[in-house]
Amino acid sequence: MKSLNKPNPVLLVHGIFDTMRIFDKMSRYLKKLGWEVYSLNLVPNYGILGLDKLAEQVANYVDKIFPPNQPFDLIGFSMGGIVSRYYVQRLGGIERVERFITISSPHNGTLTGYALNLAAPTQMRPKSDFLEDLNQDIALLEQINFTSIWTPYDAMILPARSSQIPVGKDIKINVLLHAWMVSDEKVLKLIVEELKVDPKSKLNLNFIR
């Protein structure tokens, strides 16, 4: 088992309309506690490119930044959680990622996906072919330590319970706004707890914070 004195590096993947800057507070928080933190800008970030294509950017970044034998932990916010899932489930990330955390991600789609008729929002609509395909073999996530963190007050992920999936750990935490989920102190402390979990411990539990 790895010593927590040298934890895995952490890769952060942002959501639609965001850039890596949305993780500024989280990055500082984790770095102060000893983690190496990386992030990338998904380009373009406004939905015109499909989630599968954005996931290829994640895969290319991983190959560029980390040595082939370097395991890492992955955190995806909102759309970034679905992009990250595609990387894990379809692009070989399952062999590299030890801990995978999604934050307010529409695993079962969101009604806000109907706001724009672009590739990424279309793929994030409820029962989209893209999500149905990913969810068919969702059991793959049982091979790693997976956690979904979400808030019942989310106005971007509709319904908010779309962030719940039947694998890994499901944690509901009361945060008032979608965007606050990457900076709220309760969430940051929770992320640290999850990053310290033994990756061989694959629990299927529900928590309310």
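Asp73 is buried, because its relative accessible area is 0%, and the cut-off for buried is under 20%. The model described here is predicted. Asp73 belongs to strand 3, which covers residues 72–77.

**Surroundings of Asp73**
- A polar contact of 3.0 Å links the side chain of Asp73 to the side chain of Arg99.
- Leaving aside residues up to four places away in sequence, Asp73 touches Asn8, Pro9, Val10, Leu11, Glu98, Arg99 and Leu195.

**Strand 3**
- Strand 3 is mostly covered, with 6 of its 6 residues buried.
- In a regular strand, side chains alternate between the two faces of the sheet.
- In strand 3, Phe72, Leu74 and Gly76 point one way.
- Asp73, Ile75 and Phe77 point the other way, and the residues of both sets are buried.

**Neighbouring strands**
- Leu12 has Ile75 of strand 3 as its bridge partner.
- Strand 4 (residues 97–103) also pairs with strand 3 in the parallel sense, over 6 bridges.
- Phe72 has Val97 of strand 4 as its bridge partner.

**The largest pocket**
- The largest pocket holds about 170 Å³ of space.
- Its lining consists of 14 residues, of which Ile16, Thr112, Gly113, Met124 and Met156 are the closest to the centre of the pocket.
- Sorted by class, the lining of the largest pocket has 10 nonpolar residues, 4 polar residues and no charged residues.

Terms used: Residues are numbered from 1 along each chain as its sequence is written. This is a predicted model: local features need pLDDT of at least 70, side-chain atom pairs count only at pLDDT 80 or more; totals for chains, interfaces and linings use all residues. Side-chain values use heavy atoms; hydrogens and water are left out. Helices (H or I, at least four residues) and strands (E, at least two) are DSSP runs, numbered from the N terminus. Buried means under 20% relative accessible area, exposed over 50%, partly exposed in between (1.4 Å probe, protein chains only). A polar contact is a pair of N or O atoms within 3.5 Å; within protein, one must be able to donate a hydrogen and the other to accept it, and residues adjacent in sequence count only if both atoms are side-chain atoms. Contact means heavy atoms within 4.5 Å. On a 1 Å grid over the protein atoms alone, a cavity is a set of points where a 1.4 Å probe fits but cannot get out, and a pocket is an open set with protein on both sides within 12 Å along at least five of seven lines; lining residues have an atom within 4 Å of a point. Grid points are joined across faces, edges and corners, and a volume is the space filled by probe spheres set on the points. Ala, Val, Leu, Ile, Met, Phe, Trp, Tyr, Cys and Pro count as nonpolar, Asp, Glu, Lys and Arg as charged, and the others, Gly among them, as polar. Two strands pair if DSSP finds at least two bridges between them.
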